[in-house]
Amino acid sequence: MTRKMNNLAKRFIHIAAWLALAIAPAVSRAADGSSLKPPPGARVAIVVFEDMECPDCARAYPVIWEAAKKHNIPVVLHDFPLQMHPWSFDAAIFARYFDSKSQKLGDDFRGFIFQNQQQIDKQNLRQWADKFASTNNSPIPFVLDPDGQFKTKILADRQLGTQIGLQHTPTIFVVGNGGAATPAVEVEDRTKLDQIIEDMLQKAPAAPAAKKPVAKKAPAKKATKK
């Protein structure tokens, strides 16, 4: 009986040690958003790394945009298509094409894909993209990315995400313009997004007031001799 208990104890210790090793790297690889900043002129922004084939990204999308509209702050989107998703990279190419027409069109396309995500696969993605293009009077050319500029931007986004240690999509940060005084906060619980934004707005410095132009005095007129 004692030997069995000893064996069980040893197995428990080995399992506990294995779990500790498995968890420790995950903690050390937590995403670091310290390099992320709001766009010029913005005090606070929501920065999102997303994959358009990711179901949780689809759930997060309306929450993010509703919060951004409520607090009047911008959303900065980064493409992070996962290798396991067969059509996410192609969807990002389409999104970048619509971005090139207008930022709003690109954002609307992402929302359209998220709304219809469950009906989309690699074979019919083009049909869905054409449907959106037709509705918005923005036809897609036969060769979508002839010089590879859209692909280059997506790969740059994915490289940025890898460098800061992304582990999942969506990864959402709230970032401020105050440097060390407003460190980036990763939003792990989306029900707290509003509160995180409000806290960041309190810490972020207000934009400097525009200077009023100094009125120039007209040169004094010389008295004319009579």
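Predicted model: local features only at pLDDT ≥ 70, side-chain atom pairs only at ≥ 80, totals over all residues.
Residues are numbered from 1 along each chain as its sequence is written, and side-chain values use heavy atoms, with hydrogens and water left out.

A nonpolar core here is a set of buried Ala, Val, Leu, Ile, Met, Phe, Trp, Tyr and Cys residues joined through side-chain atoms within 4.5 Å, where buried means under 20% relative accessible area (1.4 Å probe, protein chains only). The largest such core has 29 residues, and M52, F94, F98, F109, I113, L125 and I140 touch the most other members. At least two residues each come from α2 (55–71), α3 (88–101), α4 (103–115), α5 (125–135) and α6 (149–163), with helices taken as DSSP runs of H or I, at least four residues, and strands as runs of E, at least two, numbered from the N terminus. The largest share, eight residues, belongs to α3. Another core, of 18 residues, lies apart from it and includes A60, I64, V174 and I196.

As for β3 (residues 171–176), six of its six residues are buried. T171, F173 and V175 point one way, while I172, V174 and G176 point the other. In a regular strand the side chains alternate between the two faces of the sheet. β3 pairs (at least two DSSP bridges between two strands) with β1 (residues 44–50) in the antiparallel sense over six bridges, and V48 stands opposite I172. β3 also pairs with β4 (residues 185–186), antiparallel over two bridges; there, F173 has E186 as its bridge partner.

Technical notes. Buried < 20%, exposed > 50% of the residue type's maximum accessible area, 1.4 Å probe, protein only.
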